[in-house]
Amino acid sequence: MKTRKHYNNSLDYNGQVYADKFVLNCTNFKKNGYFLELGSRDPKCNNNSYILERSFGWTGVMVDRVDTYLSEYESERPNSIHIIEDASEINYKEGFEKNNFPSNLDFWQLDLEVRDNTALITFLKINEELLDNYKFATITMEHDIFTGSVNSENTRTFSRDTLESKGYFCVFKDILDHPEVCIDCPYEDWWVHPDLVDMDYIKWLQEKNKDKYKTLDMNGRDIKCFKAYDIEYD
């Protein structure tokens, strides 16, 4: 049987700051999982769900409001549903019911524009339509707190308050991208649902990486940011 160490050393992770590696480790390299990816962009490069679908047989919904990569979605991501639409205008409840999605899913990515409030508006919609009846084992939630904007502050605060009230556990807050990509710009949080993951492993993961933080002065206040590019999983 393949071990965690085997997968971590052999797979070609290519998600943003290896969020795909986080998802697979937290779900114990589950096969045939389900995901909801809001803000898909390129279906392969820097994509958090590519390896989930291609190497582990996951299927899901990929949403982007521009059709730039539609042909690549169809060729590279044949098992998933591709929606070219503003994420804040989709009827998620209807889509989940129509496609017989299970009540327990494995990954939700919200990687949408914060500046125009699309991220928060969409989060509110998901909360209203899905979160009372569906659970996600893992979540990556963008808030772009590095911008210092009111929208980023509201997105960060409301998403945290809401997910905590729904029973989710924030594993790592204020994720930093790799410094080769973006220096000192905390932009999202990583969550799990205790009912759907091994919390002993999650707590071990936190303890293992407790020193991988960097404190930044963000508009006059200190924010403790997690260096996800340095995370150790085994």
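Is cysteine 45 buried or exposed? At 54% relative accessibility, cysteine 45 counts as exposed, where exposed means over 50% relative accessible area, buried under 20% and partly exposed in between, with a 1.4 Å probe and protein chains only.

The model is predicted, so local features need pLDDT of at least 70 and side-chain atom pairs count only at pLDDT 80 or more, while totals for chains, interfaces and linings use all residues. Residues are numbered from 1 along each chain as its sequence is written, and side-chain values use heavy atoms, with hydrogens and water left out.

**Cysteines**

The structure holds zero disulfides, a disulfide being a pair of cysteine sulfur atoms within 2.5 Å. For cysteine 45, which is in no disulfide, the nearest cysteine sulfur is that of cysteine 182, 16 Å away. The sulfur of cysteine 185 has its closest cysteine sulfur in cysteine 182 at 3.0 Å, which is too far for a bond; cysteine 185 itself is buried, at 15% relative accessibility.

**Nonpolar cores**

The largest nonpolar core has 33 residues, and those with the most contacts inside it are Phe22, Phe172 and Trp190. Such a core is a set of buried Ala, Val, Leu, Ile, Met, Phe, Trp, Tyr and Cys residues joined through side-chain atoms within 4.5 Å. At least two residues of this core come from each of helix H2 (19–26), helix H3 (50–56), strand E6 (169–176), strand E7 (188–192) and helix H8 (199–208), where helices (H or I, at least four residues) and strands (E, at least two) are DSSP runs numbered from the N terminus. H2 gives the largest share, five residues. Another core, of 27 residues, lies apart from it and has Leu38, Leu112, Met141 and Tyr168 among its members.

**Aromatic pairs**

A pair of aromatic rings is described by the distance of the centres and the angle of the planes. Rings of Phe, Tyr and Trp (its six-membered ring) pair if their centres lie within 6.5 Å, and planes under 30 degrees apart count as stacked, over 60 as edge-to-face and the rest as tilted.

| Pair | Centre to centre | Angle between planes |
|---|---|---|
| Tryptophan 108 and phenylalanine 123 | 5.9 Å | 10° |
| Tyrosine 201 and tryptophan 204 | 5.8 Å | 20° |

Tryptophan 108 in strand E4 (residues 104–110) and phenylalanine 123 in helix H6 (residues 118–129) are 15 residues apart, and their pair links distant parts of the chain. Tryptophan 108 is buried at 0% relative accessible area, and phenylalanine 123 is buried at 0% as well. Tyrosine 201 and tryptophan 204, by contrast, are separated by about one helical turn because they stand three residues apart in helix H8; tyrosine 201 is buried at 10%, whereas tryptophan 204 is partly exposed at 36%. Ring pairs also link Phe22, Phe172, Trp190, Tyr213 and Phe226 into a cluster.

**Backbone angles**

Valine 17 is not a glycine, yet has a positive phi of about 40°. This valine 17 sits in the loop between helix H1 (4–10) and H2 and is buried, at 6% relative accessibility. Aspartate 174, also not a glycine, has a positive phi of about 50°; aspartate 174 lies in strand E6 and is buried, with a relative accessible area of 3%.
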